[in-house]
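Subject: Structure handover

Hi there,

Here is the structure I promised to pass on to you.

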Amino acid sequence: MTTWTSPAISSMRLERPRSLAHALDLLEADRGLTPMAGCTDLYVGIHFGSLKQRRFLDLQPLASLRKIQKRPDGTLVLGALVTYSQCLDSPLVARALPMLASAAKEIGGVQIRNRGTLGGNLGNASPAGDTLPVFLAADATVVLASARGVRRVPISQFFLGYRKTARRHNELITEIEVPPIAGKQWFRKVGTRAANAISKVVAAGVRGEGITFALGAVAPVAMRAYAAECALGSALPLSEAHRALRSEITPIDDLRSTAAYRARTACALLTQFWSETR
Ligand SMILES: Cc1cc2nc3c(=O)[nH]c(=O)nc-3n(C[C@H](O)[C@H](O)[C@H](O)COP(=O)(O)OP(=O)(O)OC[C@H]3O[C@@H](n4cnc5c(N)ncnc54)[C@H](O)[C@@H]3O)c2cc1C
């Protein structure tokens, strides 16, 4: 039987910044300070005693990170504190990034959708995070700010390994920039049930002049399936695209699924993407 011990909350410290600049100064000064947004991921680690951090930076006061905006050039800008419920209510998301709305609809239950944030999903960097394939397929850019300045990292370079990202200790994810997308957007999540289930496999894609197809939970990081995209774009038979896809994914057996099921499902999702975006 597994036993766990939750640490006493009194052993923890929560910093509440007055502004984004103050938050970045606090992060610069303290390497051990962990950003906390909706706390839906962090709390699981606190509860099970697996989270070692004891000092947190509460991002909730940073109202400027809650905005969804469209720039004159058509770029959709999503603040890091935007919640899934906000995505579902946003006409801008519905028009410019419907695959994000589709993902948001299937994340957690109402409580998680009200608290969980986009920045938290990217920061947690679980290979099964549902918005990760969406942002990969959309060729998004992650905006990282520190007291020293701002960096823009293409999402394809943001995930470095299992739960490892390009974010430095003194940086916050402040925004996600999504360029205008021409083409049909598509999202599908395969889990044990429709809500409150972590994905066994999750996929998103765009089919227009170019083709993008991204997957989660089939490798240590969420990934673009470049070889499969190339096969589809070259009008090769679907069986060739499946072969290409199998060569680039590295699914594993774990408590949610098996490597064999994940590989089969990834191919089935590619077929579905291709037929439904025709
Ligand atoms: C019951 C339950 C169901 C869930 N269902 C799903 C699901 O269906 N699909 C899914 O993808 N996820 C799911 N999750 C996971 C979680 O809800 C999401 O990953 C959520 O988006 C995390 O956001 P948060 O704001 O709560 O992050 P937090 O828990 O506050 O933070 C998560 C990580 O990101 C870092 N972080 C947060 N914000 C920033 C920032 N702005 N800059 C830098 N680092 C930051 C934190 O330091 C931490 O490491 C579920 C969780 C629970 C408990």
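Predicted model: local features only at pLDDT ≥ 70, side-chain atom pairs only at ≥ 80, totals over all residues.

Residues are numbered from 1 along each chain as its sequence is written, and side-chain values use heavy atoms, with hydrogens and water left out.

**Domains**

The chain is assigned domain 1 (9–58), domain 2 (63–178) and domain 3 (184–276); such bounds come from an automatic or database domain assignment. Taken over C-alpha atoms, the centres of domain 2 and domain 3 are 20 Å apart.

**Where domain 2 meets domain 3**

Contact (heavy atoms within 4.5 Å) links 25 residues of domain 2 with 26 residues of domain 3. Between them about 1900 Å² is buried, and carbon and sulfur atoms give 61% of that area. Buried area here is the accessible area (1.4 Å probe) that two parts lose on being put together, summed over both.

The interface also has 2 salt bridges, a salt bridge being a side-chain nitrogen of Lys or Arg within 4 Å of a carboxyl oxygen of Asp or Glu.

On the side of domain 2 that touches domain 3, at least two residues come from each of helix H5 (98–105), helix H8 (131–137) and strand E8 (159–161). H8 gives the most, with 5 residues. Helices (H or I, at least four residues) and strands (E, at least two) are DSSP runs, numbered from the N terminus.

**Nonpolar cores**

The largest nonpolar core has 43 residues, and Leu78, Leu97, Leu122 and Phe135 touch the most other members. Domain 2 and domain 3 each supply at least three residues to this core. Apart from it there is another core, of 25 residues, including Val201 and Cys267. A nonpolar core means a set of buried Ala, Val, Leu, Ile, Met, Phe, Trp, Tyr and Cys residues joined through side-chain atoms within 4.5 Å. Buried is under 20% relative accessible area, exposed over 50%, and partly exposed in between (1.4 Å probe, protein chains only).

Leaving out residues up to four places away in sequence, the residues that Leu78 touches include Val93, Leu97, Phe135 and Ile176.

**Two residues to look at**

Arg163 is in the loop between E8 and strand E9 (164–165). Although Arg163 is not a glycine, its phi is positive, at about 55°. Arg163 counts as partly exposed because its relative accessibility is 40%. Its side chain makes a polar contact with the side chain of Tyr162 (3.2 Å).

Ala235, in the loop between helix H9 (226–233) and helix H10 (238–248), also has a positive phi, near 60°. With 68% relative accessibility, Ala235 counts as exposed.

Happy browsing!

Technical notes. Polar contact = N/O pair within 3.5 Å; in protein donor to acceptor, adjacent residues only side chain to side chain.
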